[in-house]
Amino acid sequence: MRLDVHAVAGEAGVSATIRNLSETGLLLETDPPLAVGDIFQIDLPLVGEQPAEIMWVEGRGHGCRFLDPIPKSAVSAAALLAPFEEEPQERAYEGGVIDEFFDNTLPQPGDRIWYAANAAIFLLVLAAFAFVLGMVFSATG
């Protein structure tokens with residue numbers, strides 16, 4: 001979610017961006033740093049200004065809780081008003097060692113020569129075995 005809003009802390013108002021919103025709190029991004037414990041008013045669609053308290057700060061991010069929970073309809077309205085942000089695409093699977101092994105075991109263009117050579121050797125060994133077997137039976141019988 002990325003919804004630009006106006007927040008008022010004390011006398012000063014600041015532009016802020018809601019990055020996450022629920023019935024009980026929100027994640028707010030703003031350049032001027034706010035301190036933990038600060039209470040401010042945030043203007044939300046459908047419900048107007050709501051008081052919230054800063055619970056934690058990390059860089060530009062401020063974790064906030066509403067002093068009074070907001071209705072689900074306000075959360076839905078904010079989500080509908082926020083511009084659509086496409087989720088980052090997962091990286092395509094590039095394969096690993098097993099995939100590389102199976103890729104190397106697939107027939108390759110030069111493999112026909114090896115298949116032909118292996119077949120010829122097999123037939124030669126088979127013929128030699130048949131010859132030896134024939135010689136053994138002819139000698140005994």
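Me: Is Arg65 buried, partly exposed or exposed, and at what relative accessibility?

Reply: Burial is read from relative accessible area, with buried meaning under 20% and exposed over 50%. In this predicted model, Arg65 has 35% relative accessibility and therefore counts as partly exposed.

Me: Which residue does the side chain of Arg65 meet in a salt bridge?

Reply: A salt bridge needs a side-chain nitrogen of Lys or Arg within 4 Å of a carboxyl oxygen of Asp or Glu. Here Arg65 meets Glu53, at 3.0 Å from N to O. Glu53 sits in strand E5 and Arg65 in strand E6, 12 residues apart. Glu53 has a relative accessibility of 17%, so this residue counts as buried.

Me: How many salt bridges does the structure hold?

Reply: The count is 4. One of them pairs Glu29 with Arg19, with 3.7 Å between the closest N and O atoms. That pair links distant parts of the chain: Arg19 belongs to strand E2 (residues 12-21) and Glu29 to strand E3 (residues 25-29), 10 residues apart. Arg19 is partly exposed, at 26% relative accessible area.

Me: What parts does the salt bridge of Glu29 and Arg60 tie together?

Reply: The N to O distance for Glu29 and Arg60 is 3.7 Å. Glu29 is in strand E3, while Arg60 is in the loop between strand E5 (48-58) and strand E6 (61-66), so the bridge ties together parts 31 residues apart in sequence. Arg60 has a relative accessible area of 43% and is partly exposed.

Me: Which residues do salt bridges with shared partners join into one network?

Reply: The network consists of Arg19, Glu29, Asp31 and Arg60.

Key. Residues are numbered from 1 along each chain as its sequence is written. This is a predicted model: local features need pLDDT of at least 70, side-chain atom pairs count only at pLDDT 80 or more; totals for chains, interfaces and linings use all residues. Side-chain values use heavy atoms; hydrogens and water are left out. Helices (H or I, at least four residues) and strands (E, at least two) are DSSP runs, numbered from the N terminus. Buried means under 20% relative accessible area, exposed over 50%, partly exposed in between (1.4 Å probe, protein chains only).
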